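Please walk me through the structure shown below.

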Amino acid sequence: MAMAALLRKRASLAASSSILARRFTARNATVQVKGREPLLFTPGPLTTSAAVKQAMLVDYGSRDGLFIQAVQDVRDGLLRAAGASQKDGFECVIVQGAGTMGVESVLGSVVPRSGKVLIVSNGAYGKRQMDMCRYLSIETSTLEYSDLQAISVGDVLKELRADPKLTHVSVVHHETTAGVLNPLQELAAAIKKEFPAVELIVDSMSGFGAYELRMDWGIDFAVSSANKCIEGVPGFSFALCRRSALEKTKGNGRSLSMDLYAQWLNLEKTGQFRFTPPTHAILAFRQALMEWEAEGGHQGRLARYTANYKTITEGMEQMGFKLYVPEDVRSVLIITYLMPTDPKFDFQKFYDTLASNGYVIYPGKTAEAESFRFGTIGRLFASDCEMLLAQVRLACSQMNVSLPIK
């Protein structure tokens, strides 16, 4: 009798466990994709390769010889990516933290207290530089454009002619706000031709690695991040520097931890960071750099991203979605769409449907219109973009939004 009761109790527990397991599976099916991880159609962090993830499965000491070599490999590889080398008079300084920390480190270390920087802005990231300079008490002048426009080289030269106090110009290469590409090479050449003493600072956060950037164009400082077009993981940013310009920054630093000169000097003297480095992110990035070079560098990476862009824009056009940025200044890295006017289109439902099926996008960041964004960067291919389009159709169907959309 006791045995029969025990068996019934076990059966009841097994049934309960089975019900809980089915409920758990059903609940997780709304947030997980069977057989793979989510794909990130975002400006970053990005989808990374299996090999990049695997590179992080090793623990290195921050002062270990193996890690010091990895740091040097990354610094050398980043200079090569910009057509530069230490032999040619350029340096790479790694800065812990997000890309914003890298930009703030450069602005706070490069512009002397007697200096003045012209910030040329056509989006949220130019405006962020203005905020940094206010916090750091750096004297600034600003030249602002709509986030639909590229900057004008002629306008920058006019500002420099009108204000002899300007010692630096800071500009965003690829403005991630809406996906506008600025004429960096033309700007650098024009500034150095007429104002050779003015130093050029470039935020190439989401451009570097896809669109070409060469330090010998006349760039003095260029900043980017690990988790953008090189396809590493978050954890650090980096500044590529003309050594002669970097050496002049000694004593300029407005922050202990973000003193670019002090960081560089320590890396050169010891091969080590002054403070705890992002060891796993460095190892992942070294692998990402090898994959970038194997794919053909800027040209190969841009070709794949362009294929992604064409797949998405052609499919979205067929569905009636409208692009925000004019074609003549639009990059292939970030695609911004105007929010549909159909009252049944609910962006949160749209986002949630895509995310629940493993396709993560970004809301818009533009100042002039409601919008949303697709990133084409990261370890994504045209076939992934076709699947994204299928999910867009599904989301519209679930909201009873007719296609082509209005």
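**Domains, sheets and helices**

The protein chain is divided into domain 1 (20-43 + 296-399) and domain 2 (55-294), with bounds that come from an automatic or database domain assignment. This is a predicted model, in which local features need pLDDT of at least 70 and side-chain atom pairs count only at pLDDT 80 or more, while totals for chains, interfaces and linings use all residues. Residues are numbered from 1 along each chain as its sequence is written, and side-chain values use heavy atoms, with hydrogens and water left out.

Q: What makes up the contact between domain 1 and domain 2, and how far apart do their C-alpha centres lie?
A: The C-alpha centres of domain 1 and domain 2 lie 29 Å apart. The contact takes 26 residues from domain 1 and 30 residues from domain 2, where contact means heavy atoms within 4.5 Å.

Q: Why is Q129 called buried?
A: Buried means under 20% relative accessible area, exposed means over 50%, and partly exposed lies in between, computed with a 1.4 Å probe on protein chains only. Q129 has 2% relative accessibility, so Q129 counts as buried. Q129 is found in helix α5 (residues 124-136), helices being DSSP runs of H or I with at least four residues and strands being runs of E with at least two, numbered from the N terminus. Leaving aside residues up to four places away in sequence, Q129 touches V103, L107, I119, S170, V172 and D203.

Q: What makes β3 a mostly covered strand?
A: In strand β3 (residues 116-121), six of its six residues are buried. K116, L118 and V120 lie on one side and V117, I119 and S121 on the other, and since all of these are buried, both faces of β3 are covered.

Q: How do you know that β3 pairs with β4, and in which sense do they run?
A: Two strands pair if DSSP finds at least two bridges between them. Six bridges join β3 to strand β4 (residues 139-144), and the two run parallel.

Q: What is the strand order in the open sheet of seven strands, and which are its edge strands?
A: The order is β2-β10-β9-β8-β5-β3-β4, with mixed pairing. The edge strands are β2 and β4, each of which pairs on one side only. The twist averages 20° from one strand to the next. Within this sheet, strand β8 (residues 199-203) and β9 pair in the parallel sense over three bridges, and the bridge partner of V202 is A222 in β9.

Q: Which strands does α5 lie across, and at what angle to β3?
A: Helix α5 lies across β3, β4, β5 (168-172) and β8, and runs at about 155° to β3. Such angles run from 0 to 180 degrees between N-to-C directions, with axes fitted to C-alpha atoms, for helices over the stretch in contact. Helix α6 (residues 153-162) also packs on the sheet, touching β3, β4 and β5, and its direction makes about 150° with that of β4.

Q: Why are the buried residues of α9 placed on the same side of the helix?
A: The buried residues of helix α9 (residues 260-270) are L260, Y261, Q263, W264 and L267. They cover an arc of only 165° around the axis, which puts them on the same side of α9; the arc is that of the directions from the helix axis to the C-beta atoms. Their cover includes α3 (65-81), β2 (90-96) and α4 (99-110), among others. After α9 comes G271, whose phi is positive, near 75°.

Q: Why is one side of β11 and of β13 left without a neighbour in the sheet?
A: The open sheet of three strands has the order β11-β14-β13, with antiparallel pairing. β11 (334-338) and β13 (362-363) stand at the edges with a single partner strand each, so one side of each has no neighbour in the sheet. Two bridges join β13 to strand β14 (residues 371-375), and the bridge partner of Y362 in β14 is R373.

Q: Why does T336 count as buried, and what lies 2.8 Å from a polar atom of its side chain?
A: T336, in strand β11, has a relative accessible area of 3%, and therefore T336 is buried. The backbone oxygen of A178 lies 2.8 Å from a polar atom of the T336 side chain, and a polar contact is a pair of N or O atoms within 3.5 Å, where within protein one must be able to donate a hydrogen and the other to accept it, and residues adjacent in sequence count only if both atoms are side-chain atoms.
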